[in-house]
Amino acid sequence: VQLQASGGGLVQAGGSRRLSCRVSGAVLRLTPIAWYRRFPEKQRELVASMDSGGSRAYADSVTGRFTIDRDNTRNTMFLQMDNLEPEDTAVYYCHVRWRARDFWGQGTQVTVSS
């Protein structure tokens, strides 16, 4: 299973960014998916998740601003981030759990300037 994340970059506070993660070797519609982020010198934290039935959950800090989604045809997952804040600056990772194993993307840096 391989995950290829993209879409990170520099954005101004209040702006938007859409992260993508193309997955090969797993079927997204059959597996839970998630986005995590890591702040400098801290552990990864869960940002958003979606189960195979389509139910979504979000960290309190991003509720109402971020949206997780997937495109089953393209086997790609997304994280739409709106109204970004400097506190959202982090490395973002896509994650899938496939056949009882965890798989991660390589991480994509999002920097929000004030």
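At 32% relative accessibility, Glu-85 counts as partly exposed (buried means under 20% relative accessible area, exposed over 50%, partly exposed in between, with a 1.4 Å probe and protein chains only). This is a predicted model, in which local features need pLDDT of at least 70 and side-chain atom pairs count only at pLDDT 80 or more, while totals for chains, interfaces and linings use all residues. Residues are numbered from 1 along each chain as its sequence is written, and side-chain values use heavy atoms, with hydrogens and water left out.

Glu-85 forms a salt bridge with Arg-65, the closest N and O atoms being 3.9 Å apart (a side-chain nitrogen of Lys or Arg within 4 Å of a carboxyl oxygen of Asp or Glu). Arg-65 is buried, at 8%. Glu-45 pairs in turn with Arg-37 at 2.9 Å; Arg-37 is buried, at 3%, whereas Glu-45 is partly exposed, at 27%.

## Aromatic rings

The centres of Tyr-36 and Trp-104 lie 4.9 Å apart with planes at 65°, so the pair is edge-to-face.

Arg-44 lies over the face of Trp-104, 4.0 Å from the ring centre (CZ of Arg or NZ of Lys within 6 Å of the centre and within 35 degrees of the ring normal).

Methods
Rings of Phe, Tyr and Trp (its six-membered ring) pair if their centres lie within 6.5 Å; planes under 30 degrees apart count as stacked, over 60 as edge-to-face and the rest as tilted.
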